[in-house]
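Reader: I would like to learn how to read the features of a model of this kind, step by step. Could we begin with what it takes to call a residue buried?

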Amino acid sequence: MGRLDGKVALITGTAGGQGAAAARLFAAEGAEVVGCDLDAERARAVAEEVSGSGGSMRAFGPVDLGDPAAAADWVGEAVSVVGGLDILYNNASAPRVGPFAEVTWDDWRFTQRNELDLIFTVTTAAWPHMVAGGGGVIINTASVSAHRGATFIEQAAHGAAKGGVLAITRHLAASGARHGIRATSTSPGLIVTPQIEPFLDERGHPVHEMLHSHPLGRLGQPDDVARVALFLASDDAAYLNAVDIVVDGGQSLIS
Ligand SMILES: NC(=O)c1ccc[n+]([C@@H]2O[C@H](COP(=O)([O-])OP(=O)(O)OC[C@H]3O[C@@H](n4cnc5c(N)ncnc54)[C@H](O)[C@@H]3O)[C@@H](O)[C@H]2O)c1
């Protein structure tokens with residue numbers, strides 16, 4: 001028996017590190033997974049890999065979730081193909097980071113659009129299906145950046161967007177409770193994914209200091225977050241609602 005047997009899971013950003021890891025894990029636990037990404041080719045390759053290992057996954061795209069019509073089309077197509085929706089994992093994002101003095105209005109808007117707006121576009125499209133289906137689980141992806149400032153890479157726009165993700169999660173939990181919808185979030189620390197790999201490849205980048213000072217002696221891997229998301233999606237977390245789980249190996253609390 002899988003922990004998600006009989007469940008349909010919509011996961012955004014499945015071409016990338018954590019989204020692809022979650023797609024593999026959720027499918028291995030019995031979920032029927034529907035993914036999407038801006039990068040349709042990689043998202044399809046992940047879906048083929050999952051299907052090839054005996055799981056159930058489809059990926060549509062390219063989908064730009066910052067566009068409300070495109071997000072609604074993806075959710076509508078997914079639900080019509082798989083016949084429902086139990087789990088919505090809002091994982092996709094694209095931030096712009098850098099020194100605050102150099103952040104432009106365009107950087108700010110890009111980050112809000114691709115980190116916070118897309119939570120709204122996807123969730124509003126999924127909401128009526130979850131209500132009609134008698135409930136479900138929403139897992140949003142925030143960040144430790146929503147909990148503390150950062151000097152190693154300045155990231156005001158990213159932190160503000162992810163702070164919004166934390167806040168909307170609580171409001172979704174409030175609005176969803178009477179419909180049987182739980183809403184939770186994860187706040188990953190530094191996780192080695194395509195979003196982070198360029199920094200690791202850069203000799204002398206401050207990110208290497210985090211690696212050496214990490215309480216557990218290693219940075220996080222996509223599976224570290226995917227396993228927490230699996231728990232939140234499963235019935236084991238039936239009484240967890242409106243909470244955020246920081247997945248950073250304790251780094252933001254230990255100095
Ligand atoms: N990697 C980290 O260190 C870290 C830390 C904290 C939080 N996070 C969060 O974890 C989540 C997953 O990040 P990741 O590290 O796996 O990143 P990633 O870049 O590997 O994957 C994100 C995916 O989202 C897709 N995407 C971005 N904007 C999109 C859009 N408008 N429409 C459709 N797809 C879009 C990208 O194409 C990419 O495939 C994100 O929400 C990120 O903010 C990551």
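Author: A residue counts as buried if 20 or more other C-beta atoms lie within 10 Å of its own, as exposed if there are 12 or fewer, and as partly exposed in between. What is shown here is a predicted model, and in it Asn91 has 27 C-beta neighbours inside 10 Å, so that Asn91 counts as buried.

Reader: Where is Asn91 placed, and which residues does Asn91 touch?

Author: Asn91 belongs to the loop between strand 4 (87-90) and helix 4. Once residues up to four places away in sequence are set aside, Asn91 touches Ile11, Thr12, Gly13, Gln18, Gly19, Ala22 and Thr141.

Reader: Is Cys36 buried or exposed, and in which strand is Cys36 placed?

Author: Cys36 has 32 other C-beta atoms within 10 Å and is therefore buried; its place is in strand 2 (residues 32-36). Leaving out neighbours within four places in sequence, the contacts of Cys36 are with Thr12, Thr14, Ala43, Ala59, Phe60, Gly61, Val63 and Trp74.

Reader: Which peptide bond is cis, and which residue other than glycine has a positive phi?

Author: The bond from Gly61 to Pro62 is cis, with omega near 0°, and Pro62 is found in the loop between strand 3 (56-60) and helix 3. The positive phi, near 65°, is that of Ala242, which lies in the loop between helix 8 (222-233) and strand 7 (244-247). Ala242 counts as partly exposed, because it has 16 C-beta neighbours inside 10 Å.

Reader: How is a pair of packed helices described?

Author: Two packed helices are described by the angle between their axes and by the distance between those axes. In this model helix 3 (residues 68-82) and helix 4 (residues 105-132) pack at an angle of about 35°, with their axes 9 Å apart, and the crossing of these two helices is right-handed. From helix 3, Pro68, Ala71, Ala72, Val75, Gly76 and Val79 take part, and they meet Leu118, Thr121, Val122, Ala125, Ala126 and His129 of helix 4. By class, the residues of this contact divide into nine nonpolar, three polar and no charged.

Reader: Which residues come nearest to the ligand, and which helix gives the most to the shell around the ligand?

Author: There are 28 residues around the ligand, of which Gly13, Gly16, Gly17, Ser93 and Thr193 come nearest. Helix 1 (17-28) and helix 4 each supply at least two residues of the shell, and helix 1 gives the most, with three residues. The classes of the shell are twelve nonpolar, 13 polar and three charged residues.

Reader: How many helices and strands does the protein have, and how compact is it for a globular protein of its length?

Author: The secondary structure comes to eight helices and seven strands. The radius of gyration is 17 Å, close to the 18 Å that the globule rule gives for 255 residues, so the protein is as compact as a globular protein of that length. Along the principal axes, the C-alpha atoms fill a box of roughly 50 × 35 × 35 Å. Buried residues make up 45% of the 255 residues, and, among contacts with a separation of 6 or more, 74% come from residues 24 or more positions apart.

Definitions and conventions. Residues are numbered from 1 along each chain as its sequence is written. This is a predicted model: local features need pLDDT of at least 70, side-chain atom pairs count only at pLDDT 80 or more; totals for chains, interfaces and linings use all residues. Axes are lines fitted to C-alpha atoms, for helices over the stretch in contact, and angles run from 0 to 180 degrees between N-to-C directions. Helices (H or I, at least four residues) and strands (E, at least two) are DSSP runs, numbered from the N terminus. A crossing is left-handed if the near helix is turned anticlockwise from the far one by less than a right angle, and right-handed if clockwise. Two residues are in contact if their C-beta atoms, placed from the backbone, lie within 7 Å. Ala, Val, Leu, Ile, Met, Phe, Trp, Tyr, Cys and Pro count as nonpolar, Asp, Glu, Lys and Arg as charged, and the others, Gly among them, as polar. The radius of gyration is taken over C-alpha atoms; the globule rule is 2.2 Å times the number of residues to the power 0.38. A residue is near a molecule or strand if its C-beta atom, placed from the backbone, lies within 6 Å of it.
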